Amino acid sequence: MPRRRDAVVRRGMRHVGRAIVEQPGMFALAFLASTLYGAMTVASAYVLGEVVDRVVLPALRDGVTSAGALTLAAAAILGVAVLKILGILGRRLFAGVMGYRLQAEYRRRVTGQYLRLPLSWHQRHPTGQLLSNANSDVEAAWFFVAPLPFACGAVVMIGITVAALVATDPWLAVVGLVVFPLVFLVNAVYSQAMSPRMRRAQQLRAEVSEIAHESFDAALVVKTLGREDVETRRFTGRAEELRDGLVAVGRVRGLFDPLMEALPALGTLAVLLIGATRVVDGATDAGDLVSIAYLFTLLALPIRAIGWVLADLPRALAGFDRVTPVLDATGETPHGTEAAVTGTGGAGLGLRGVDYGFEGAARPTLSGVTFDVAPGSTVAVVGPTGSGKSTLAGLLVRLVDPATGDVLLDGVDLRALREGEVSAQAAFVPQGTFLFDDTVRGNVTLGGDVPDDEVWAALATAAVDDVVRRLPEGLDTRVGERGATLSGGQRQRIALARAVVRRPRLLVLDDATSAVDPAVEARILDALRDAERPSTVVVVAYRQATIALADEVVWLEGGQVLARGSHEQLLAEVPGYAALVRAYAQTEVAA
Amino acid sequence: MTALVEHRSEGAFATLRRGLRMMPEFRRGLPATFALALVATAGRVVVPIAVQQVIDRGLAGPGGPDLDLVRNVVLACAVVVLLTVVAVYRMNVRLFRTTETALAGLRTQAFRHVHDLSVLHQQGQRRGSLVSRVTSDVDQLSTFMQWGGVLGVVSLGQLLVATVVMSVYSWQLTLVVLVCFVPLAIAVRFFAARLAVVYGIVRERVGDVLAAVSEAVVGASTVRAYGIRERTAARLDRAIDGHYRAQVRAQRTTAAVFVSGEFVAAVANVAVVVAGVLLGLDGDLTPGTLVAFLFLVTLFVAPVQTASEVLNEAQNAIAGFRRVLDVLETEPDVRDPAVADPTTARELPHTPLGVRFEHVTFRYAPGAPPALEDVDLEIAPRRRVAIVGETGSGKTTFAKLVTRLMDPSEGRVLLGDDAAGWVPLDRVAFASLRQRVVMVPQDGFLFDATVADNVRYGRPGLTDADVSAAFEELGLGDWVAGLADGVATRVGQRGESLSAGERQLVAVARAYVADPDLLVLDEATSAVDPATERRLTHALDRLTDGRTTLTIAHRLSTAERAEEVLVVDAGRVVQRGAHADLVDAEGPYARLHASWRRSSAGEPQPAA
């Protein structure tokens, strides 16, 4: 047990250290301001004590006072207050900036990782989790920074106070020496008790959120099967666990808060008791007694700041622990230094013994895939459901890397190419289209410098120009979050225009024309082939019309290339292929 | 489809009242909690009283210093302080329990309600924000109620009790203190408005950050395929930076508000000293009282500072609360008659189900062009009907009306048959409806579980062996055999370990085991390879003998096999009949069919 406590405290302290090391300048400024505040707080108590001793008591005792004395007292109180206010302002501003900078910095690092890490990493992590890593977890990790300088200042303040106490009266100092260590003890016990409870609550929060995400995504299935009650029970179960977890957190915090408040109050009372004796003994005077009692009252708030920091550390650690795996994740797609061949028409593709398996899957998705695609040719990848076609398409544009084997573009291993080289040569249109919350133009050009007439030409090729022309602001119409304002077919065609406008040397279409009229599809492929530098096209498809446009067909089954050749060849030689592409023709015969 | 109710401009108190009406559990515990909160404030005034007693009666007592009295006073006060600890602890625990119980209730109520709303399946892009309704919005409310709310109540109680104690000591000095704090009390309103503005901006920027992050995450493959990492990173940086700047600006305002309390306190101290001395000269005030006042003034500062801290929390929480309540108050377009009006709710007859549309018109929004217009038809029980038409012609709307995902704008839909009678769909209890009528949508969502678990979702209680048998019956045994662990294979998040076509196979099996009397397939096999699709649909035809099947498909092979074809064009049913008859007749079906034939037979169409 003691070792675990050490672990929590030590990890907490290391986390605090991390914050200071990352933002040393801001911390120093905030700490200085806090020290000024702390010193002025102690000073204000002493000024008050002096005013009571030298102005108030004599005046009330003797019944006379001078305007000068009163003015001096007022000036002293106000002067100290102004300095104290400067301390507070500095503390809050610098501490705020420090915390916000840390948040922004870690958000940048986390999202930088999101962009850097390979797609296979994304596939392993739920969207909801990645969103909360970048947002609430980062916030939780650095939330304690706001009161941190205050708490550090409070420690200084306690130091000054103890010194002042010792200087004033050793017996009164004893009160401080008992109360302050108690404060730290209560805090330590608190962090210890809180840490596992807090972690559990955070975990349950994440689970509640995951259930909600999944269940709402499944809305149509839930509704059409009438399973709303089952889903509600599932959610309620976890929500109630979360409730119990939060109540458990509350029970600990509920005791900690009043204890932290009571300690300075009890200290003040002890000061009164001991101080009164000392005043009677003539060892100290009433002014000092008032100063110290007042000081304890003022200390209540800074002492709580220490509590805030310590109380928040378990949550901060929990948040940071969720962020760390993202920051530490490796598997960044390394890039080579080579440039691809340019300007000579369609790109040549080669696959050499390519294997690929999803993590945790017993069977590889692709194994030993080897074939070439001649520059400028059109190849259709055909195969039964689940044969690995989409995975293959992703490999061609280096969305993922093969486990073994190589994918070559113009004879160069994709991994050897410079960053950005693959996407400069190849365009990929996935099965599910993704549009950015941007204008139509932005979604087609993706920030590239493309003249409008080329954008229109691409839209025309994708047969979506009429639709865009009818939009209220044409190319400048915002499509809304994930293209919400457009229909599925329109989104798919804008995604096609996005690919076409780049005049790629290699175009990979992963069943991306399912919602597009065959005529439009043919036009797109024609446009790519008739261009000055005809593109190489790899298309995953079922439609015979699409397949018929291909120079060669690759038949994929169970993750392996079982046959290659012309459509007619495969029809004659591969029964599975014939069954698949002629399924409808046979239906007619049967009908 | 109704949009969500929105009360953007509603005041904070109106929101709270609205919310408390909805959370009786919360209201019930409240009075006792407030009573304890009042006791809690006692702990705060007891120290100044002790100071006054010790100075005036202990040290400067009439008979000289009285240490016994000092001891008694200090002990008594210490007891009060300890009692306060107990009271606050009790209050906190009560508060945590009542708020968490009430909020867990609110969470589940909202969750259930969201499932009843059509926005969930009509506007997929809003799902993410609906998730926040049952997660972060409620979390924020809980933080606020337990931290801000209590602090606010205790602070107010503290002001009240401090004022009372002060007036007992000296009404003149009390006036002096109050006069000092009045300008601050007035300024608080101004501060509040200012804080509302700056924190409103912060919240907007948080939204920007979330949107940017979600693009980078959801659009991960697009970002990679198009090499636009830099651009996406720049967007993220911009959003993160904007958020940072808004936070700093808000912090500046908060700090200014915070220190104003400190400054006023100093002024009040000066006023107390000066006025106190002047009053004391007349013998109206003891030294202890004056000192006690200096202690009591500190109690006035805290509430102002607390307010500056709590206000942001409060606004966040209330905005979130309002959003949750708005969801709860949005009437579902389609309500379960068994809940809405149990007396008229009916069961479907236990006979094969036919479908009847009586002059049905549907508009997605009032005034919008109809998606379906004046559809009047009857489908006999046990028929296998294909519904065909171009994208946007109204096929899916038809399916959603039959399954009562939506209600018609005009006319009505009935299920049943002539012998057993026709039941208006909006009278059918959901328990009966969902058991007898099942739709397989194009995107058959899978849960992160095994294949068998997902199929069982259609009919709880099936064993893995039952599920395997179902796949065999559907002619999908080979496919299952090819999976790593057969039906025990995990499908991953959203079923993403399977391909789009494989997910559809599982979704069809799920509907199949549910054994409905009316099966609606809405492009349910669009991503399945033609050979598998053919095998599957043949099996379905064989197995669905005896049930009514409505199939929407853009592959017209389905229509070729159906007993009857409905052709939908621009919201109207324009043709109806057997495939063989329609294909030879003049009309849209012949055109659709010819076009489909060309594309599936491998003849590229001439570019239009």
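## Where the two chains meet

Nine salt bridges run between chain A and chain B, a salt bridge being a side-chain nitrogen of Lys or Arg within 4 Å of a carboxyl oxygen of Asp or Glu. One of them pairs the side chains of Glu261(A) and Arg44(B), at 2.4 Å from N to O. On the chain A side that touches chain B, helix α9 (residues 228-281) brings the largest share, 32 residues. Helices here are DSSP runs of H or I with at least four residues, numbered from the N terminus.

This is a predicted model, where local features need pLDDT of at least 70 and side-chain atom pairs count only at pLDDT 80 or more, while totals for chains, interfaces and linings use all residues. Residues are numbered from 1 along each chain as its sequence is written, chains are lettered from A in the order in which they are written, and side-chain values use heavy atoms, leaving out hydrogens and water.

## How much is covered

The contact (heavy atoms within 4.5 Å) draws in 154 residues from chain A and 158 from chain B. Together the chains bury about 14,100 Å², with 70% of that on carbon and sulfur atoms; this is the accessible area (1.4 Å probe) that two parts lose on being put together, summed over both.

Thr108(B) sits in helix α3 (residues 67-116) of chain B and touches Thr232(A), Phe235(A), Thr236(A) and Ala239(A) across the way, leaving aside residues up to four places away in sequence. Its relative accessibility is 13%, so Thr108(B) counts as buried (under 20% relative accessible area, with a 1.4 Å probe and protein chains only; exposed is over 50%, partly exposed in between).

## A helix with a bend

Now to helix α10 of chain A, residues 286-328. Its 43 residues reach 60 Å from first C-alpha to last, close to the 63 Å expected at 1.5 Å a residue; that expected span is 1.5 Å times one less than the number of residues. There's a bend of about 35° at Leu313(A), and a proline, Pro314(A), follows within four residues. The bend is the angle between axes fitted to the seven residues ending there and the seven starting there. Most of α10(A) is covered, with 31 of its 43 residues buried.

Arg18(B) belongs to helix α1 (residues 12-22) of chain B and is buried at 6% relative accessibility. Arg18(B) and Arg189(B) lie 171 residues apart in sequence and 23 Å apart in space, C-alpha to C-alpha.

Over in chain A, Asp465(A) is part of helix α15 (residues 465-470). Asp465(A) is buried too, with a relative accessible area of 15%, and touches Trp456(A), Leu459(A) and Ala460(A), again not counting residues up to four places away in sequence.

How values were computed:
Helices (H or I, at least four residues) and strands (E, at least two) are DSSP runs, numbered from the N terminus.
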